[in-house]
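Subject: Structure for your review

Hello,

I am passing on the structure below. My notes on what was found in it follow.

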Amino acid sequence: MNGGNMRVVVVGAGLAGLTAAVDLVAAGAEVTVLEARDRVGGRIHGIPVSVSVVADGGAAYLGVRHTELLAQVQEYGLDLASTAMTGDSTFLVADQRKTTASRVPPLDAVALGDLFDRLEDLAASIRPDAPWQSPQAERLDRLSAARWLADEVGHQDARTFFPLFLSEMMAADPAAISVLHMAFYLRSGGGVRYLNAFEGGAQQWRIDGGAHLLCLALADRLGERVRLGRPVAAIDQDDNGVVVHCVPDAEGAPSEYRADRVVVAVPPLLAQQIEFRPALRTPRATTATGRGCAVKVHLGYPAPVWRESGLSGWSLSTDGPLLSTVDDSPPDESAGVLTGFVTGAAAATFSELSTAEQMDAALAHTRRLFPQLPPPTQCTVTDWLAEKYSRGCYAALFGPGDWLRLGPTLTEPHGRVHWAGTETSLEFFGLMEGAIRSGRRVATELIHGVEPAAVSRKVLSR
Ligand SMILES: Cc1cc2nc3c(=O)[nH]c(=O)nc-3n(C[C@H](O)[C@H](O)[C@H](O)COP(=O)(O)OP(=O)(O)OC[C@H]3O[C@@H](n4cnc5c(N)ncnc54)[C@H](O)[C@@H]3O)c2cc1C
């Protein structure tokens, strides 16, 4: 089959769904994209921080290995902004403030190097194409990352740093993920040191003006094929085709869409909430599947004022709420933007506060980090835990037992239903690059791949 005679509904207008839709349209398919929110982009979202500057409320950073993302940036005529930093780092360790030229926290360097080596070894032992078949997969899938730390890492400084590291990398509480998921994630993203680095690493650039510009450009190419405010509640299929049911809206928009195939490009916890008839043979998420927890705080200044004091704006704190801050100012310095990250267990607590309390706590933390700075002119909080249609930011977290249960069928079609989304990508899982690769993969699968009748017979005859 090719795309020319196929009607496809894509559920979800995040980067994965939009990429799949653009590829399918290019192959001649008749495509409709159903998006629950009143905007496209999903976990990519532009947040105005001043009259002229929009910051990344969701995904922001990319590196040289993110080849599909870089190709899209080029194709849609977008620019990259370097994240290269000059100036000193700021550390708040056990309430002691320290500034230093080094980016290594003032903890025992040998202990941190040893921790990184152990994590690199663990990641290297994972099979990138089938993590559930890695040596010792069963043992690693049973064990939480918190348990691994307690059993394997003796030095107190490494134990202090580890939750901070996982918070930054994965927005994860070590108690919530399996060692297999942690090791897989690190392997899939290019290794500990690549993932952790700005210069030469996964945080080398931002998309100038915001990553949402890419989603808007993809949506623009799709035009009226993208329907906003259409949360999908159920998907029926039989040998004749598929019917996608949306939650009816007050304006009386169509609530049923017919197609030959469906691409579900939503995070696993949300896919699990859709009613599939016939039912899924294997779940998309289990009770152990968690969600990454991230809140971003954007502090706006008239200019990057910290640079005048020789500071890079980059900080790391062992105690929250702002576990790290990054200088996300526009390249022309027309404004100063400091982004504070509240992640992992700290984000779960922070999210319980009212917005006013969140801002107070973030501003108090900023005063401790940078006592020489004037107060910001704007403070914006983007709380992803409160986002009904994300459920996992940066990404879903596979808990103990999940990889062995969910991994083998992550991309296996359920009859006429196919899967995309960053959590279905074994390459760069959880990242924008993973989302795009999953969109490309699913479009190829539909255009050149599986014969629908045969697949649906297999599923429907159970
Ligand atoms: C705070 C934060 C920081 C991040 N930082 C980075 C970073 O620096 N670099 C990086 O590469 N990645 C980063 N990420 C991760 C990145 O955003 C994601 O990997 C990527 O955007 C996922 O795209 P997706 O299309 O798979 O999923 P999503 O973006 O979640 O798209 C899914 C879409 O489906 C919609 N939807 C959900 N349920 C339904 C339904 N029932 N019916 C219809 N529509 C539905 C949603 O509204 C959404 O638009 C970050 C994420 C967050 C939140």
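Threonine 100 is buried, at a relative accessible area of 18%; buried here means under 20% relative accessible area, exposed means over 50%, and partly exposed is in between (1.4 Å probe, protein chains only). This is a predicted model, in which local features need pLDDT of at least 70 and side-chain atom pairs count only at pLDDT 80 or more, while totals for chains, interfaces and linings use all residues. Residues are numbered from 1 along each chain as its sequence is written, and side-chain values use heavy atoms, with hydrogens and water left out.

Threonine 100 belongs to strand β8 (residues 96–100); helices (H or I, at least four residues) and strands (E, at least two) are DSSP runs numbered from the N terminus. Its side chain reaches the backbone nitrogen of serine 102 at 2.8 Å. A polar contact of this kind is a pair of N or O atoms within 3.5 Å; within protein, one must be able to donate a hydrogen and the other to accept it, and residues adjacent in sequence count only if both atoms are side-chain atoms. Leaving aside neighbours within four places in sequence, threonine 100 is in contact (heavy atoms within 4.5 Å) with Asp88, Ser89 and Phe91.

Next, the annotated positions. The unreviewed UniProt entry places the feature "domain: Amine oxidase" at residues 15–447. UniProt positions are given in the numbering used here, feature names are shortened, and annotations may be inferred rather than shown by experiment. The end C-alpha atoms of that span lie 19 Å apart, and the span is 32% helix and 22% strand. For "binding site", the unreviewed entry lists Glu35, Ala36, Val232 and Glu423. From this set, Glu423 is part of the lining of the largest cavity. On a 1 Å grid over the protein atoms alone, a cavity is a set of points where a 1.4 Å probe fits but cannot get out, and lining residues have an atom within 4 Å of a point.

Where do the two listed glutamates sit? Glutamate 35 is in the loop between β2 (30–34) and β3 (46–48), and glutamate 423 is in the loop between β23 (417–419) and α14 (432–449). Glutamate 35 is buried, with a relative accessible area of 6%; glutamate 423 is also buried, at 2%. The side chain of glutamate 35 reaches the backbone nitrogen of arginine 37 at 2.8 Å. Not counting residues up to four places away in sequence, glutamate 35 touches Gly12, Ala13, Gly14, Arg227, Leu228, Gly229, Arg230 and Pro231. For glutamate 423, the side chain reaches the backbone nitrogen of alanine 396 at 2.8 Å. With residues up to four places away again not counted, glutamate 423 touches Arg43, Pro267, Pro268, Ala395, Ala396, Leu410 and Phe429.

On the sheets: two strands pair if DSSP finds at least two bridges between them. β2 and β10 run parallel and are joined by 2 bridges, with leucine 34 opposite arginine 227 in β10.

Another open sheet has 3 strands in the order β5-β9-β6, and its pairing is antiparallel. Here the edge strands are β5 (61–62) and β6 (80–82), each pairing on one side only. β5 pairs with β9 (residues 205–207) over 2 bridges, and leucine 62 has tryptophan 205 in β9 as its bridge partner.

Strand β17 (residues 294–301) pairs with β21 in the antiparallel sense over 6 bridges. Valine 295 has aspartate 383 in β21 as its bridge partner. In β21 (residues 378–383), 5 of the 6 residues are buried.

Last, the nonpolar cores, each a set of buried Ala, Val, Leu, Ile, Met, Phe, Trp, Tyr and Cys residues joined through side-chain atoms within 4.5 Å. The largest has 57 residues, of which Leu119, Trp148, Phe161, Phe162, Phe165 and Met182 touch the most other members. Helix α6 (residues 156–170) gives the most to this core, with 8 residues. Leaving aside neighbours within four places in sequence, phenylalanine 162 is in contact with Leu115, Leu119, Ala145, Trp148, Leu149, Pro174 and Met182. A second, separate core of 42 residues includes Leu70, Ala211, Leu214 and Ile436. Leu214 is among the buried residues of helix α9 (residues 212–222), and just after α9, glycine 223 takes a positive phi of about 60 degrees.

Regards

Note on methods
1 Å grid on protein atoms, 1.4 Å probe; cavity = no way out; pocket = protein on both sides within 12 Å on 5 of 7 lines; lining within 4 Å.
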